[in-house]
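Let's take a walk through this model together, from the whole chain down to single residues. Keep the 3D view open as you read.

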Amino acid sequence: MGMLYNHVADQLQTLIHEGVYREGERLPGVRVLSRQFSVSVSTILQAHQTLEGRGYLEARERSGYFVRLPRLDTPEPTMELTRAEPVPATAREMALELCSDERTQTVPLAAAIPHSDFLPVRQIQQATLWAARPGTEVLDYAFPGKAEFRRQIAQRMNGLGCLCTAEDVLTTNGAQEAMILGLRSVTSPGDIVAIESPSFPGILQALEVVGLQVIEIPSHPTDGLSLEGLQLALEQWPVRACIVVTNHSNPMGAKLSDERKQALVSLLDAAGAPLIEDDIYGDLYFGDQRPKPAKAFDRTGNVIYCSSFSKTISPGLRLGWMLPGRHYPQAKQQKYFSNLATASLPQLAVSRFLEQGGYERYLRVARQQYRDAVERMRVAVGHAFPEGTAVSRPQGGFVLWVQLPGNVSGTRLYHKALDEGINIAPGRMFSISDKYENYLRLNAANPWSERVEFAVRRLGAIANELLADS
């Protein structure tokens, strides 16, 4: 069914592009289209909702669906090319404020957390009940992880081109802990670590926890980390490690090509600096094929691969893993010193979900939901925000990186929006050097509703007010 309504939506979109249905015209009724495409009325309605999300249709009460062409000229944000020097890592307290604010009645467009409607809640409930049945070992310390879970992860990683066994997998409390364990395994306080800029605030927090210095490397909104910028940093500074979100980065949604991933691995290998790879969004791709991790090009064990199920299955399970490569003994020791083990019950429940094929079935539907949600939000921003606004075009994940025109401050927009019950993530959160003042990040992983639509329109109106005042 999911594939069918997408197929119908794609065909209708083609007809709109070819001028069969023009802007402002009413589409034929659902029953007419149902006969025309030889599908059910519910499939046509789902196709309409999909096209509405992409910005090609507008629903008018008691009148039907009307064609509208989305603003496709919205440019992408630019890549900041300022030179950087190592500075101590400091994670903005604003990130903690956002976590607190998300629990209030605000419209949650800030934190990169999917709404429960996007998650396999019922399936995980069933798998958890199965895992907690009498006779299962859920009360023991599972160090370095439950065998069943590590085996399922090893199977998935081998399918992505990362040759490994269950013994190469270390279970963690989310990807955040995996990154901290990786950093502690290969650096000492005061060392310099290269990161992409803008960077996920959780990475900045991990670097601060370990007491490291940071050098920010420019990143392109589509192509990701500048390898030329990284090369210059490696030549100029004693860089001890590099952290990169290789697939659908947060906040920009950038993805390194296979060629660039291979070059990144080779570059860092030659420099003797481990790559700590965060691949938490890799499963949420919009294209035909799951992008490979950089770990798939690792031949020396220099890549420390980190991921979790926080963006796909549940953020509350706190279940992640890492493939530390040749740094496994140090990472295992750091895990033991840190908190000994990750809870057994979530590992057993997710193992069951994976083994039964439920995860892949869920992902096939979820990827389309996220793609539609991102496109719907992108179109809404294009319509509501001032002329000159630039919006990222991610090919996976569920966040949008928005560059505001002129001197519009993302921080001022954040405070004014919060006063009206709308929560966004201002651009300054994604750097340690006060960059990205005229940027913001939006979380698109919310069911589209009048409340969310109004929030986006209101954000655009505030941005227009700030632009007029500047």
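## The chain as a whole

A contact here means heavy atoms within 4.5 Å. Of the contacts in the chain with a separation of 6 or more, 75% are between residues 24 or more positions apart. This is a predicted model, in which local features need pLDDT of at least 70 and side-chain atom pairs count only at pLDDT 80 or more, while totals for chains, interfaces and linings use all residues. Residues are numbered from 1 along each chain as its sequence is written, and side-chain values use heavy atoms, with hydrogens and water left out.

The chain has 15 helices and 17 strands; these are DSSP runs numbered from the N terminus, with helices being H or I of at least four residues and strands being E of at least two. Its radius of gyration is 23 Å, close to the 23 Å that the globule rule gives for 470 residues, so the chain is as compact as a globular protein of that length. That radius is taken over C-alpha atoms, and the rule is 2.2 Å times the number of residues to the power 0.38. Along the principal axes, the C-alpha trace spans about 65 × 60 × 40 Å. Of the 470 residues, 56% count as buried (under 20% relative accessible area, with exposed over 50% and partly exposed in between, using a 1.4 Å probe and protein chains only).

## The largest pocket

Rolling a probe the size of a water molecule over the atoms shows where empty space is left. A pocket is an open set of points on a 1 Å grid over the protein atoms alone, where a 1.4 Å probe fits, with protein on both sides within 12 Å along at least five of seven lines; lining residues have an atom within 4 Å of a point.

The largest pocket is lined by 30 residues, and Q49, E52, G53, R376 and W448 lie nearest its centre. Two or more lining residues come from each of helix 3 (41–54), strand 1 (57–60), helix 13 (358–384) and helix 15 (450–469). Helix 13 gives the largest share, nine residues.

Helix 7 covers residues 174–186, and its 13 residues reach 19 Å from first C-alpha to last, close to the expected 18 Å (1.5 Å times one less than the number of residues). Eleven of the 13 are buried, among them E177, M179 and L183.

In helix 10 (residues 258–271) you will find L264, which counts as buried at 0% relative accessibility. Leaving aside residues up to four places away in sequence, L264 touches L225, L227, L230, V244, L256 and L275.

## Backbone details worth checking

Most residues other than glycine have a negative phi, and most peptide bonds are trans. The loop between strand 9 (239–245) and helix 10 holds P251, which is joined to N250 by a cis peptide bond with omega about 20°. H248 lies in that loop between strand 9 and helix 10; its phi is near 60°, a positive value, and H248 is buried at 2% relative accessible area.

A cis peptide bond also joins S197 and P198, with omega about 5°. P198 is in the loop between strand 6 (192–197) and helix 8 (201–210). Y436, in the loop between strand 16 (425–426) and strand 17 (439–443), has a positive phi near 65° and is buried, with a relative accessible area of 5%.
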